[in-house]
Amino acid sequence: MEVHVEKFEVAGLLRDVADALRPLLDKRANRLAIESSTSSATMHADLLKVRQCLLNLLSNANKFTDHGLVTLATTRLATRRSGLVDFSRKDTGIGMTGEQIGKLFRPFSQADNSTARRYGAAAWVWR
């Protein structure tokens, strides 16, 4: 995989992601909240890959949330490499059972067939 590092503004990235997610959020009557302490920050990274990661993360949260809230938070990490930005998300969706969480980061298996039937996609975890 090739990485194309460029300098870009975090605020612009967040706007683009929010705009791209709007139709998906509207379909499930969800809201997106962005909590950013990095609105004036810039990043040096592959913009397209960071954007795609955020879209995947948030669209998955949206898929398992109905009439709820999906939150994306950004903070600057206090490290010697001051350019690091932390992205985190939380949502009011269905969540995962303790058993499903215990299977994370293991070889792939389907978490729950009933979830796939209800939400139209498989929920995958590591076994």
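Mentor: The structure holds four salt bridges, where a salt bridge is a side-chain nitrogen of Lys or Arg within 4 Å of a carboxyl oxygen of Asp or Glu. Side chains of opposite charge can pair when their charged atoms come close. Before we proceed, please note that residues are numbered from 1 along each chain as its sequence is written. This is a predicted model, in which local features need pLDDT of at least 70, side-chain atom pairs count only at pLDDT 80 or more, and totals for chains, interfaces and linings use all residues; side-chain values use heavy atoms, with hydrogens and water left out.

Let us begin with Asp46. One of the salt bridges joins the side chains of Asp46 and Lys49, with 3.1 Å from N to O. Asp46 lies in the loop between strand S3 (42-45) and helix H2, and H2 spans residues 47-63. Helices (H or I, at least four residues) and strands (E, at least two) are DSSP runs, numbered from the N terminus. Asp46 counts as buried because its relative accessible area is 7%, whereas Lys49, at 30%, is partly exposed. Here buried means under 20% relative accessible area, exposed means over 50%, and partly exposed lies in between, with a 1.4 Å probe and protein chains only.

The side chain of Asp46 also takes part in polar contacts. A polar atom of this side chain lies 2.8 Å from the backbone nitrogen of His4, and the side chain reaches the backbone nitrogen of Leu48 at 3.2 Å. A polar contact is a pair of N or O atoms within 3.5 Å; within protein, one must be able to donate a hydrogen and the other to accept it, and residues adjacent in sequence count only if both atoms are side-chain atoms. Leaving aside residues up to four places away in sequence, Asp46 touches Glu2, Val3, His4, Val5 and Phe8; contact means heavy atoms within 4.5 Å.

Two further pairs deserve attention. The side chains of Arg89 and Asp91 form a salt bridge at 3.1 Å, N to O. Arg89 is partly exposed, with 34% relative accessibility, and Asp91 is partly exposed at 28%. Glu99 and Lys103 are likewise joined through their side chains, at 3.5 Å from N to O. In this pair Glu99 counts as exposed because its relative accessibility is 58%, while Lys103, at 25%, is partly exposed.
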